[in-house]
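These are my notebook entries from one sitting with a structure. I record what I looked up and what I found.

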Amino acid sequence: FFRVDGICEAFNMVQRLTFRRRCTYNTKSNQQRISKTPGGRLVYLHKKKAGSIPKCGDCKEKLHGITPARPKQLMSMSKRQKHVTRTYGGSRCHKCVRSRIVRAFLIEEQKIVVRVLKAQEANKK
């Protein structure tokens, strides 16, 4: 109880929380949340770092259909969660794959056109 000008007021003490690991600095790897135990105590629970969403190597766009995870979790995940069943699946986005295929096709077509023109010139001579 706390006495102010003859009036009695009750106030609850706030429970102090202590870190559960040795690191005492507010770093990215030392983030925590408060949790109440079944015994009514308040304790810190350390949060895990969030996994980053993979990005396309060409245009840096986020890749769809791939689970964001930390490197250690990626090792234990199955292959279907880490890539898409397509050429350049977990590495490039669909737009970049399409542009690569079209570019390769056009380059091959250009080579054929050059060959045909050379053959026509050879026939004229």
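**Entry 1: strands 3 and 4**

In which sense do strand 3 and strand 4 pair, and over how many bridges? I note before answering that the model is predicted. I found that the two strands pair in the antiparallel sense, over five bridges.

**Entry 2: histidine 46**

I stayed with strand 4, where histidine 46 lies. Is histidine 46 buried or exposed? I recorded a relative accessible area of 17% for histidine 46; this residue counts as buried because the cut-off is under 20%. Its side chain makes a polar contact with the side chain of asparagine 30, at 3.5 Å. Leaving aside neighbours within four places in sequence, I listed the contacts of histidine 46 as Arg20, Arg21, Asn30, Gln31 and Gln32.

**Entry 3: aromatic rings**

How many aromatic pairs does a search of the whole structure find? I found one. Phenylalanine 19 and tyrosine 44 form this pair, and it is stacked, with 5.6 Å centre to centre and 25° between the planes. The pair links distant parts of the chain: tyrosine 44 is in strand 4, while phenylalanine 19 is in the loop between strand 2 and strand 3, 25 residues apart. I compared the accessibility of the two partners. Tyrosine 44 is buried, at 17% relative accessible area, whereas phenylalanine 19 is partly exposed, at 33%.

I also looked for a charge over a ring, and noted that arginine 100 lies over the face of tyrosine 88, at 4.6 Å from the ring centre.

**Entry 4: the nonpolar core**

Which residues make up the largest nonpolar core? I listed five: Cys56, Leu63, Ile66, Cys93 and Cys96. I then followed cysteine 93. Neighbours within four places in sequence aside, cysteine 93 is in contact with Cys56, Cys59, Leu63 and Arg86.

**Entry 5: histidine 64**

Where does histidine 64 lie? I placed it in the loop between strand 4 and helix 1. Histidine 64 has 63% relative accessibility, so it counts as exposed.

Conventions:
Residues are numbered from 1 along each chain as its sequence is written. This is a predicted model: local features need pLDDT of at least 70, side-chain atom pairs count only at pLDDT 80 or more; totals for chains, interfaces and linings use all residues. Side-chain values use heavy atoms; hydrogens and water are left out. Rings of Phe, Tyr and Trp (its six-membered ring) pair if their centres lie within 6.5 Å; planes under 30 degrees apart count as stacked, over 60 as edge-to-face and the rest as tilted. Helices (H or I, at least four residues) and strands (E, at least two) are DSSP runs, numbered from the N terminus. Buried means under 20% relative accessible area, exposed over 50%, partly exposed in between (1.4 Å probe, protein chains only). A charge sits over a ring if NZ of Lys or CZ of Arg is within 6 Å of the ring centre and within 35 degrees of the ring normal. A nonpolar core is a set of buried Ala, Val, Leu, Ile, Met, Phe, Trp, Tyr and Cys residues joined through side-chain atoms within 4.5 Å. Contact means heavy atoms within 4.5 Å. A polar contact is a pair of N or O atoms within 3.5 Å; within protein, one must be able to donate a hydrogen and the other to accept it, and residues adjacent in sequence count only if both atoms are side-chain atoms. Two strands pair if DSSP finds at least two bridges between them.
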